[in-house]
Amino acid sequence: MGSKYILLIVVISMLSIMLGCSTKNEQKKESQESRESLVADFINDVSYFESVNSNTVITAFEREATAIAERRISLNKDNIASILVTAKHYKTLVITVEDHTIVKIVDLSDCQPSGSWGTCMPLGEGYVKRGELVKQRDYINNIIGSVDEQERTAFLFN
């Protein structure tokens, strides 16, 4: 009777461990899918952010995009022209400015010269946080602002 009892305890313990590992893997997979979902939903339809009730959605996008973007580049006046040329080889370019601005490039060929940035800035659509997220559709220099010390990041996706 004692050995059957020990065997039963060992089997139950092993099943518990296997079930725990399976649950952790499922949670990790769900976390990755939701991460990819936030980025994919924004890329597919910028208006998606209107349905997201979060003051930290831009920060969440940056964190999640960092994990799945093909390229992530710190953007500045010296490299923006080359980033825009590089973007022609990708499906999507999204630019964030710290935790308050996000813009998806709508059309690289429709652009407006910018003296501040020193290049032709393409048409974009996104949000600027002014208390709430305010939707913007304009040339990106008018969305991401003038050249300054703020951290701007370009995310390239295929």
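**Reading the model**

Modeller: Of the 158 residues in the protein chain, 35% are buried, where buried means under 20% relative accessible area, exposed over 50%, and partly exposed in between (1.4 Å probe, protein chains only). This is a predicted model, in which local features need pLDDT of at least 70 and side-chain atom pairs count only at pLDDT 80 or more, while totals for chains, interfaces and linings use all residues. Residues are numbered from 1 along each chain as its sequence is written, and side-chain values use heavy atoms, with hydrogens and water left out.

Biologist: How many helices and strands does the protein chain have?

Modeller: Helices (H or I, at least four residues) and strands (E, at least two) are DSSP runs, numbered from the N terminus. The protein chain has 4 helices and 6 strands, in the order α-α-β-α-β-β-β-β-α-β along the sequence.

Biologist: How many salt bridges does the structure hold?

Modeller: A salt bridge requires a side-chain nitrogen of Lys or Arg within 4 Å of a carboxyl oxygen of Asp or Glu. The structure holds 4. In one of them, Glu50 pairs with Lys135, with the closest N and O atoms 3.8 Å apart. This pair links distant parts of the chain, 85 residues apart: Glu50 is in the loop between α1 and α2 (57-68), and Lys135 is in strand β5 (residues 132-139). Glu50 counts as exposed because its relative accessibility is 52%.

Biologist: Which side chains meet in a salt bridge at 2.8 Å, N to O?

Modeller: Those of Asp148 and Arg152. Salt bridges that share partners also join Glu50, Glu125, Lys135 and Arg137 into one network. Asp148 lies in the loop between α4 (140-144) and β6 (152-157).

Biologist: Is Arg152 buried or exposed?

Modeller: Arg152 counts as buried because its relative accessibility is 2%, whereas Asp148 is partly exposed, at 36%.

Biologist: How much space lies in the largest pocket?

Modeller: Rolling a probe the size of a water molecule over the atoms shows where empty space is left. On a 1 Å grid over the protein atoms alone, a pocket is an open set of points where a 1.4 Å probe fits, with protein on both sides within 12 Å along at least five of seven lines; lining residues have an atom within 4 Å of a point. The largest pocket holds about 170 Å³ of space. Its lining has 11 residues, and those closest to its centre are Val39, Ala40, Ile43, Phe157 and Asn158. Helix α1 gives the most to this lining, with 5 residues.

Conventions:
Points joined across faces, edges and corners; volume = space filled by probe spheres on them.
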